[in-house]
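Subject: Structure for you to look at, with notes

Dear colleague,

Here is the structure I promised to pass on, with the sequence alongside. My notes follow below it, and I would be glad if you read them with the model open.

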Amino acid sequence: MVHLFQKNDFNIALDSASGAVHLLSDIAYDLLAEITPPMPQICPQKLLSRLAPVYGQEKVNEAYNELYELFLDKQLFSEDIPVQDSFFKTKTIKALCLHISHDCNLRCRYCFADCGEFHRTRSLMTGEVGRRALDFLIEHSGKIKNLEVDFFGGEPLLNFDVVREITIYGRELEKKHNKTIRFTMTTNGTLLNDEVITFLNEHMYNIVLSIDGTPETNDALRFYADGSGCYHDILPKYKALVAGRGNKSYYVRGTFTRETMSFTDDVLHLADCGFEHISIEPVVLPNDHPLSLRQEDLPRIFAEYDRLAEAIIKRTRQGRPFNFFHFMVDLDAGPCVYKRVKGCGSGCEYVAVTPEGDVYPCHQFVEHTECKLGNIFEDELRKDLRDRFSECNICNVEECRTCWAKYFCGGGCPANNYKYSEGISRPYKIACELQRKRVECALYIKAALAE
Amino acid sequence: MKNVKTLNKTTYTKSSVGAGCGECQASCQSACKTSCTVANQVCENTKKNKK
């Protein structure tokens, strides 16, 4: 499958199954738009008749021959790489989203976690549950060496003492079992102080710092229970944390909504604040929520992604580059095909654990008790549900099989599918459209910067 | 080539020998917690080889 698109002066072709990205002359673009595989060795007469009057016969033949060479080299109309089914049936768990706090001190308007409560009572994970969660991870990790534990909430720093206790316990487990546990945290930043920052910078492999952009954008969406915004509290703390982080990974991460669709301004504001790793993501909410993104919003969002792509190209050329998470693509050293087919691995290699020790397919399923997989204090997890999640990959989903962007998104988010589509294996269409647009922008940026 | 400039040095086919080790990061642990993107993830083996 080949996806062709034009953007500004670029004719771009993505060969979906091989990942090859080609910049084409006008002749090659016009030819490729008309070719259906398998390519014959000689340019078909009807194509030649159509394009020779425009470009000249010799040049059309020359372009065709170059395309044919790529076809022979499996960089055009290539076949999907077969993957072994057994890979998806493994029940190894390598990553935990640890709900260390089902409580939050902010009242963000779009929060999928019900402002930390997850539609239950507010609660904090105990050290006992946290330690058992790590034992559970080790027991289920098989031969995998690199394990991950994300401190998540609610706001995890409301339970910092237990974060510290679990982290230190994890360091003991690493030595005992010859594993590496990569601790990460997603925080709203309000409770950061020098002591916490020092600890996090020492122990967290990655930190996700929540902020939505400019003071106006952020404070309209992210505020305390009294309604006051958090921007001016968190910004200096984020700067201090990042300054002390060295080469360790971090992201400032926000959400755009129906009311804040000029998110390029927010991304650039965060870049101007000195942050180099930025993610601003589309909100996911029910259609009737005032902040939700709807089908009719897509042209506006697409235009905004275009604006952001141009801004990134401009700044990179000026020597002021920054990473935008959803435009990041490594055309030479990205994930392997198995990873691309499997996607996020929720319910299989990635699960969430609540303060009570309940296990869910991921953090977004925690409010859906019908999806509970088990409990870390019990021996078995629900096999029927885990099997269903293991089957949720781009080989098995009809809409994904025929989508040119499938190897970039890995089949999308099963939780979004479950909540807003017709089940974990039925893609949430708005997310698909946004994903395809972002891939086009990411490839366009590569094309523009390759000049 | 006069009419085609390929941006990649390799393709999925050529980079997939020995793949599927499962040592790379779960995508939702990096930055996104509300959507899924895998193409921006890093292969653990490639990362190791770069060091």
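I begin with helix 5 (residues 127-140) of chain A, whose 14 residues should span 20 Å at 1.5 Å a residue, and the distance of 20 Å between its end C-alpha atoms agrees with this. The expected span is taken as 1.5 Å times one less than the number of residues, and helices (H or I, at least four residues) and strands (E, at least two) are DSSP runs numbered from the N terminus.

Before going further, please note that this is a predicted model, in which local features need pLDDT of at least 70 and side-chain atom pairs count only at pLDDT 80 or more, while totals for chains, interfaces and linings use all residues. Residues are numbered from 1 along each chain as its sequence is written, and chains are lettered from A and ligands numbered from 1 in the order in which they are written.

In helix 5 of chain A, the buried residues are A:Val129, A:Gly130, A:Ala133, A:Leu134, A:Phe136 and A:Leu137; a residue is called buried if 20 or more other C-beta atoms, placed from the backbone, lie within 10 Å of its own, exposed if 12 or fewer, and partly exposed in between. Seen down the axis of helix 5 of chain A, these buried residues fall within an arc of 155°, so they line one face of the helix, the arc being that of the directions from the helix axis to the C-beta atoms. A:Glu128 and A:Glu139 are exposed on the other side of the helix, and just after helix 5 of chain A comes A:Gly142 with a positive phi of about 55°. The cover over the buried residues of helix 5 of chain A includes strand 4, strand 7 (146-152), helix 6 (160-177) and strand 13 of chain A.

Two of those covering strands also pair with each other: strand 4 (residues 95-99) and strand 13 of chain A run parallel and are joined by four bridges, where pairing requires that DSSP finds at least two bridges between the strands. A:Ala95 has A:Tyr350 as its bridge partner in strand 13 of chain A. From strand 13 (residues 350-353) of chain A, A:Tyr350 and A:Ala352 point one way and A:Val351 and A:Val353 the other, and all are buried. Strand 13 of chain A also forms a hairpin with strand 14 of chain A, with four residues between them, and A:Gly357 in the turn has a positive phi of about 90°. In this antiparallel pair, which is joined by two bridges, A:Val353 stands opposite A:Val359.

As for the two chains, 69 residues of chain A are in contact with 40 residues of chain B, contact meaning that the C-beta atoms, placed from the backbone, lie within 7 Å. An open sheet of four strands, with antiparallel pairing, has the order 1(A)-2(A)-3(A)-1(B). Its edge strands are strand 1 (2-7) of chain A and strand 1 (4-6) of chain B, each of which pairs on one side only. Strand 3 (residues 20-24) of chain A is joined to strand 1 of chain B by three bridges; along this pair, A:Leu24 stands opposite B:Val4 and A:Leu23 stands opposite B:Lys5.
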